[in-house]
Each structure stands twice: as C-alpha cells, then as structure tokens.
Amino acid sequence: MEIVTRFAPSPTGHLHIGGVRTALFNWLYAKSNNGKFKLRIEDTDLKRSTEDAKKTIINGLKWLNLNWDDEIVYQSKRLSRHTEIGIKLLESGHAYKCYSTPEELKAMREEAIKNKLPPKYNGCWRERDLQLAPSGVKPVIRIKSPIKGKTILKDLIQGTIEVSNSELDDFIIIRSDGTPTYMLSVVVDDYDMKISHIIRGHDHLTNTLRQQHIYNALGWNIPIHAHIPLIHGSDGSKLSKRHGALGIEAYNEQGFLVNTMLNYLLRLGWSHGDEEIISIENAIKWFNIESIGKSPAKFDIERLNSLNSHYINVMGDSEVIKIITDSYAKKGEIIQKDKLHILKNGIKGLKSRARTTVELTNMSSFYIEETPISLDEKSKKILTDQNCILIKEYVTYLELIKNWNEKSIEENIKSFCNDKKINLGKLAQPLRAALTGKSVSPGLYEVILALGKVETINRINVF
RNA sequence: GUCCCCUUCGUCUAUCGGUUAGGACACCAGGUUUUCAUCCUGGAAAGAGCGGUUCGAUUCCGCUAGGGGAUGCCA
C-alpha cells in the first residue's frame, strides 16, 4: 500500500503551531515511508475563509520546507462531487431527508441534557413518511447511523476506542441550502485523494467515529487514523496568543530558524530516547507513530529559545553573515565591503550570544556602523572625560602591536594596565564603550581584533 | 449534563514488571571570562490519590480526583 498523508487546514486565520506540528507529523510519516504528503485547503466555509489565510498557510509550509506532493486541493472546488455522493447516499437509503428546524433541534438537545442523556438529534424523520413534510421547510440530509451496537475506532495512537452508537446521532451531510457539510466533504476528499493515513488533532476523534459510518455506507475502506494529542498553553488550557503562541509567520519574523521550529515541534509529543537535537534527516529516519505520546504537551517558549541559540551557534559563519546582510538589505541598506570584512572577523562572538536572528542583527550593528558610532546611555556614562583620556593614552600602546592576533592584543592591554597600575576592568569597560557603543559586547580582544588596528584607533580618537 | 481521552522533576520527555527513576530546557551554586553570553563542573527537582493483580509495580487492572477534548445546517 502506498502511504499517502495529508494536511487539511481551514484558512480561517493564522497557521498555528499546533497545525504546523500536525503538518510536520504527516510530512515525516510520508517521507519516512516513501509516501506522499498532500495539502488540501478546506475552504468550504466561505464566510470565514480568506485569501490571506490561504497565503499564510502556504507560505508557512514553504518556509519550513514542508513541501507537498501534487497540486493543492481546494475543497471549495469539489463541492459538486461531495453533493453527488450525498445524493447517492440518499438514493441508496443510507441517508434521509430531515425537516426538523434549528429551533426544534435546540429543544431536543436541551431536553436531553435535562434528562441526563446525550444531546443529539432524535432521528424523528428517519422513518417518517415524507408526505408529512411541512411545506416551506427545506430539508437537510442526514446519514443513517446504526442505532444498536457500538462504533469502534482502531487508532494508531489512542488504541481502540469504543463508543456506544446510542451516543452518536444521525448527523447532517447536506445542508438545507444543498451544500455538503465538512463531515461529508472530508470523507469524499480523503477517499478521492487516496489518503492512506489520517494524522490529525485529537479534537477530531469523535468526528472520525461518526465519519466511519459514511465510509461504511459507501463501502469504502476506512483510512488508518492517528489522533495526536493537542498542544496546550502553559496553564494547561487551550493554546492561545496569551501563552505566547503566535501564527507561524511570527516566529519567522522574530528570528527563529526553520531547524529550530521543526526540532521543537517534533520533540513536543514525540521522542527518540534521549535525543534532543534532531536533524531533519534523522527525523525522517527515526519518525514513527508509536513514539508519539498520548498526553497533551504544553508550549514552552524557553525551550524554543534555547534550541534557537543552539542552531544559530552551529550554523556556518557565511550562513549567519548572509542572514545579517539580508536583513540589512530588507531595510534597503547595503553593508560596505570593509564593514563586511569586520563582521566576518567578529562573527564568532556574535553567534554565541544571539538567541534569535533578530538579536543577531541588532547585536552586529556596531561592526557595521560608520565611525563615529552611536552610543547607548550606559556607554555614554562610562565615557567620562577621565576615561577618554585613559583610552587615548592606551592608543600609544596599541600602535606598538606587531602581530595582530587576539593573544598579542590581550598581552598589550595587560601590559598597559600593569604599567599604569590599574585593573583590567578600568580600561576594558571604557574601551568597550568607545568601540561598540555598548556596555555589553563580545569579548573585547575579539572586538579589537575584528575591527582592526586602524578602525580601533579611529573609534578611540573620536573622544 | 453525556461521551471520549490524558496524568513521571516547573516544562518537554526516557523507562516497554526488578533502575540509586535517566536526559534536555529552565532554576540554583561554583569555575572560565574585563562585561554579557557561550562553555565546563556540581546541585535541587517527579511517578495525582486509593485499592487490587504479582515474589515484586511508575509500568497491568479498577475506582476517585484533577485536566483536556467532543457534543453545530463551523471546519
């Protein structure tokens, strides 16, 4: 059997990390089994679906390299096929017309809850003579669910789930306006797309139970299901903005790397022994549904930060520099050749400090700025008249350095402090302020080395 | 209300009946560092509760509690 998975978001808002994780699991499962991963946009709710949301989904998946096979399927374009199947079910006696009004349905539910019974449609039109149909009421079409026995779902993650059929009602497959409902459309599309494995959120579990009856009525094979646990916010409630969970594009904007997002989301609910840093190659090699946990996981931004620092740190220098130059280019600024050279020399210290690429770019600014550079408040305070005299005095020592490397710079600074009988910090802090405009920076020797002798002296002589 | 699911350090998790219950993030302490960060070393930190089954339960079963999901002419 060919493995075919799918990701089927509805374009009604942002692409959330829960959705991305679902997409990732489907993608990985397909990749690790030489199967196909398909994308279907469930845009049948015309009131809530937007073009922006579609773009967000597509761009998000593209950013993360979760590439899909074949064309994107837009569910809205397949409505006639869905109704066709709905009518077929009606004609074959597996479905029936129901004339109950929304008010009547509401009353049924309230009554059921009052009597401690499952709230559901009571099936009154299931066998009723259509002669009794009220005039002026357009019927919906409902599936005939079995009344007796139970419905069993064999789920790859949840195990065997059994629910008594008395809990499940005859749900609507075609609305009174003639359009198919989600419950029907999904089944038809999954069938037509030859989906072999449906990996989706746990919130779909009862849907799956009910959808099985459509498959059965049509004599179609039921795909294999795996319902993955939901992602919760830090307080255990439904994940929302207030937990720091944003649309996937926001993580890109905030400077999180693709590797970070994939690694983080993969480890949220799935594990491979003690492995924490997992490359996409290994993820494909190792991914399996059995190792997906059953309990919901909480979203933890600290973990994401830490993974991101790691991935920035292990990135190649040229790659990191490209990120910086790209972000300057975005602002319409081009980094001059000499500055680029300085940046390359100082990239190591930058990498180890940055937690996001946004931080990285901000941090690198002092290497790129023209002298005189801007000073932050703290560095202004450090640069007292006295300190300015001191650092200028140091220039005479600096000029003596013959071999321009970190070690000789260190020795040079130390010998100056020795001769002046001052602590290293006395010189280092003002020097840092003058050279970087900040009170916090990469190692001073590294900064001086990266700037070069001429630029270092220029920056000091401004004061 | 009804049905379904979940429950190991603060967080993500390992363990597939016998372990000093392991790792990672975060946290704390120390070291390295002129600063901050990195890095290194160490530390504190967990089986929801109660009953079974068993020679032995975190692991299997039941109940309770807590949490989550579903319960739409939304998807």
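1. Where is the place of T181? T181 sits in the loop between β8 and α5 (182–192); helices (H or I, at least four residues) and strands (E, at least two) are DSSP runs, numbered from the N terminus. With a relative accessibility of 11%, T181 counts as buried, where buried means under 20% relative accessible area, exposed over 50%, and partly exposed in between (1.4 Å probe, protein chains only). A polar atom of the T181 side chain lies 2.9 Å from the backbone oxygen of I172. Such a polar contact is a pair of N or O atoms within 3.5 Å; within protein, one must be able to donate a hydrogen and the other to accept it, and residues adjacent in sequence count only if both atoms are side-chain atoms.

2. On the basis of this note: the model is predicted, so that local features need pLDDT of at least 70 and side-chain atom pairs count only at pLDDT 80 or more, while totals for chains, interfaces and linings use all residues. Residues are numbered from 1 along each chain as its sequence is written, chains are lettered from A and ligands numbered from 1 in the order in which they are written, and side-chain values use heavy atoms, with hydrogens and water left out.

3. The surroundings of RNA strand B deserve a point of their own. RNA strand B is surrounded by 64 residues, the closest being P119, R175, T206, R353 and L444; a residue is near a molecule or strand if one of its heavy atoms lies within 4 Å of it. Of the atoms of RNA strand B that come within 4 Å of the protein, 67% belong to sugar and phosphate. By class, the surface near RNA strand B holds 21 nonpolar, 23 polar and 20 charged residues. In this count Ala, Val, Leu, Ile, Met, Phe, Trp, Tyr, Cys and Pro are nonpolar, Asp, Glu, Lys and Arg are charged, and the others, Gly among them, are polar.

4. The element that gives the most is α17, with five residues.

5. Individual polar contacts to RNA strand B involve both its bases and its backbone-side oxygens. An N or O atom in the side chain of R48 is 3.0 Å from a base oxygen of RNA strand B, and a polar backbone atom of L444 is 2.5 Å from a base oxygen of RNA strand B.

6. Three strands form an open antiparallel sheet in the order β4-β5-β8. Because β4 (95–98) and β8 (172–174) stand at the edges with a single partner strand each, one side of each is left without a neighbour in the sheet. From one strand to the next the twist averages 45°; axes are lines fitted to C-alpha atoms, for helices over the stretch in contact, and angles run from 0 to 180 degrees between N-to-C directions. Four bridges pair β4 with β5 (residues 140–143) in the antiparallel sense, and A95 has I143 in β5 as its bridge partner. Two strands pair if DSSP finds at least two bridges between them.

7. A second pairing concerns β6 (residues 150–155) and β7, which run antiparallel and are joined by six bridges. A hairpin of three residues connects β6 to β7, and D155 stands opposite G159 in β7.

8. For chain A, the domain assignment gives domain 1 (248–313), domain 2 (316–367) and domain 3 (377–462); these bounds come from an automatic or database domain assignment. Taken over C-alpha atoms, the centres of domain 1 and domain 3 are 42 Å apart.

9. E253 is found in helix α7 (residues 248–253) and counts as exposed, at 61% relative accessibility. The C-alpha atoms of E253 and V358 are separated by 8.0 Å, although these residues are 105 residues apart along the chain.

10. A cis peptide bond, with omega of about 5°, joins T371 and P372; P372 is found in the loop between α13 (357–368) and α14 (377–382). N65, which is not a glycine, has a positive phi of about 60°; this residue lies in the loop between α2 (51–63) and β3 (73–74) and counts as partly exposed at 44% relative accessibility. K421, also not a glycine, has a positive phi of about 55°; K421 lies in the loop between α16 (406–420) and α17, and at 75% relative accessibility K421 counts as exposed.
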